[in-house]
Amino acid sequence: MNSSKTFAILFIFFIVLISSANAHIAFVNPPFRGNNAERMKEYPCGGSNEVNTTAITDFPVTDGQATVNIGHGDGILTFNYAPDSNSTFQSVSDNVTVAVAEGAGPKPYTAPINLSKAGAKIGDQGVLQIIFISGENFTYQCADVKIVNAKTEANGDASFVGISEIAFFIIGLTSFVMANL
Ligand SMILES: *[C@@H]1O[C@H](CO)[C@@H](O)[C@H](O)[C@H]1NC(C)=O
Ligand SMILES: *[C@@H]1O[C@H](CO)[C@@H](O)[C@H](O)[C@H]1NC(C)=O
Ligand SMILES: *[C@@H]1O[C@H](CO)[C@@H](O)[C@H](O)[C@H]1NC(C)=O
Ligand SMILES: *[C@@H]1O[C@H](CO)[C@@H](O)[C@H](O)[C@H]1NC(C)=O
Ligand SMILES: *[C@@H]1O[C@H](CO)[C@@H](O)[C@H](O)[C@H]1NC(C)=O
């Protein structure tokens, strides 16, 4: 692993953290089709109801993983899928319990996703929706996904690379500092 790649990964990691710091909810992986703070409470996609053709991401039909940053709030995060944002969304994961104190976020939550629960097939294009339910408030966001075989290297599994490379970086930095004390 070369250091410029490591720095690039770290840089992207911090940009993602910073850019989502002011949002209630924001897809990290797969990337959101749009992130509109003023319209987040609008069903079904927080004001971004059309396909974003530059943000369509490969996602495995089973054994996917989605990661969402929550700015703050207590509640439930639900994950749903539909072929397009006018169709009926169906659940594709267990509900995730969220608890982020004001000022403590954003905090990432990751859930296993099985798109075949909603009848999705390899080759389909569709919409992965998150709903953050906090008391009476419902907040929505969507991501555009192209459904691929679970065994291919899809974006749904890519977050592990970033985390392990950051761990390597921290281990490397620690040993460098120790060696130079
Ligand atoms: C579509 O996605 C791209 C890439 O993520 C982003 O730069 C762009 O702002 C999005 N378009 C809209 C309308 O949100
Ligand atoms: C959903 O329906 C509305 C109203 O019929 C239409 O304007 C919009 O283009 C449709 N969106 C999609 C993604 O099909
Ligand atoms: C998730 O929570 C919502 C709201 O409480 C509920 O309607 C839905 O059935 C739950 N879904 C699952 C998969 O447990
Ligand atoms: C995904 O969901 C389908 C349909 O409910 C089920 O048959 C399959 O066993 C699930 N796969 C995994 C890996 O959970
Ligand atoms: C719901 O939203 C309103 C207006 O933003 C806010 O005052 C209230 O505290 C929110 N409720 C919960 C349970 O977060």
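Predicted model: local features only at pLDDT ≥ 70, side-chain atom pairs only at ≥ 80, totals over all residues.
**View 1. Ligand 1 sits in a shell of two nonpolar residues, four polar ones and no charged ones.** The residues around ligand 1 are Pro31, Gly34, Ser48, Asn52, Thr54 and Ala55. To be near a molecule or strand, a residue needs its C-beta atom, placed from the backbone, within 6 Å of it. As for the classes, Ala, Val, Leu, Ile, Met, Phe, Trp, Tyr, Cys and Pro count as nonpolar, Asp, Glu, Lys and Arg as charged, and the others, Gly among them, as polar. Residues are numbered from 1 along each chain as its sequence is written, and chains are lettered from A and ligands numbered from 1 in the order in which they are written.

**View 2. Here are the shells of ligands 3 and 4.** Around ligand 3 we find Ile76, Thr78, Ser91, Asp94, Asn95 and Ile133, which split into two nonpolar, three polar and one charged. Ligand 4 has Thr62, Asp63, Asn114, Ser116 and Lys117 around it; that shell holds no nonpolar, three polar and two charged residues.

**View 3. The whole protein, with its confidence: mean pLDDT is 83.** The predictor's confidence in each residue, pLDDT, goes from 0 to 100, and 71% of the residues reach 70 or more. Residues 14–23 fall below 50, and this stretch has 10 contacts in the model beyond near neighbours in sequence. Residues 156–164 are also below 50, with 12 such contacts. Two residues are in contact if their C-beta atoms, placed from the backbone, lie within 7 Å. Helices (H or I, at least four residues) and strands (E, at least two) are DSSP runs, numbered from the N terminus. Among contacts between residues at least 6 apart in sequence, 75% join residues at least 24 apart.

View 4. A buried residue has 20 or more other C-beta atoms within 10 Å of its own, an exposed one 12 or fewer, and a partly exposed one falls in between; C-beta atoms are placed from the backbone. Pairing takes at least two DSSP bridges between two strands. Phe27 has Val68 as its bridge partner in β3. Leaving aside residues up to four places away in sequence, Val68 touches Ile25, Ala26, Phe27, Val28, Leu77, Tyr109 and Ile130.

**View 5. The largest nonpolar core has 34 residues.** Such a core is a set of buried Ala, Val, Leu, Ile, Met, Phe, Trp, Tyr and Cys residues joined through C-beta atoms within 7 Å. Val68, Tyr81, Leu115, Leu128 and Ile130 touch the most other members. At least two core residues come from each of β1, β3, β4 (73–82), β8 (125–134) and β9 (137–148), with β9 giving the largest share, six residues.

**View 6. Strand β9 pairs with both β2 and β8.** Nine of the 12 residues of β9 are buried. With β2 (57–60), β9 pairs in the parallel sense over four bridges, and Phe59 partners Ile147. With β8, the pairing is antiparallel over 10 bridges, where Gln129 faces Cys142 as its bridge partner. Two residues separate β8 and β9 in their hairpin, and Gly135 takes a positive phi near 60 degrees there.

View 7. Most residues other than glycine have a negative phi, and most peptide bonds are trans. Tyr43 and Pro44 are joined by a cis peptide bond, omega about 0 degrees, and Pro44 is in the loop between β1 and β2. Another cis bond runs from Gly105 to Pro106, with Pro106 in the loop between β6 (96–100) and β7 (107–113). Asp63, in the loop between β2 and β3, has a positive phi near 55 degrees. It is partly exposed because 15 other C-beta atoms lie within 10 Å of Asp63.
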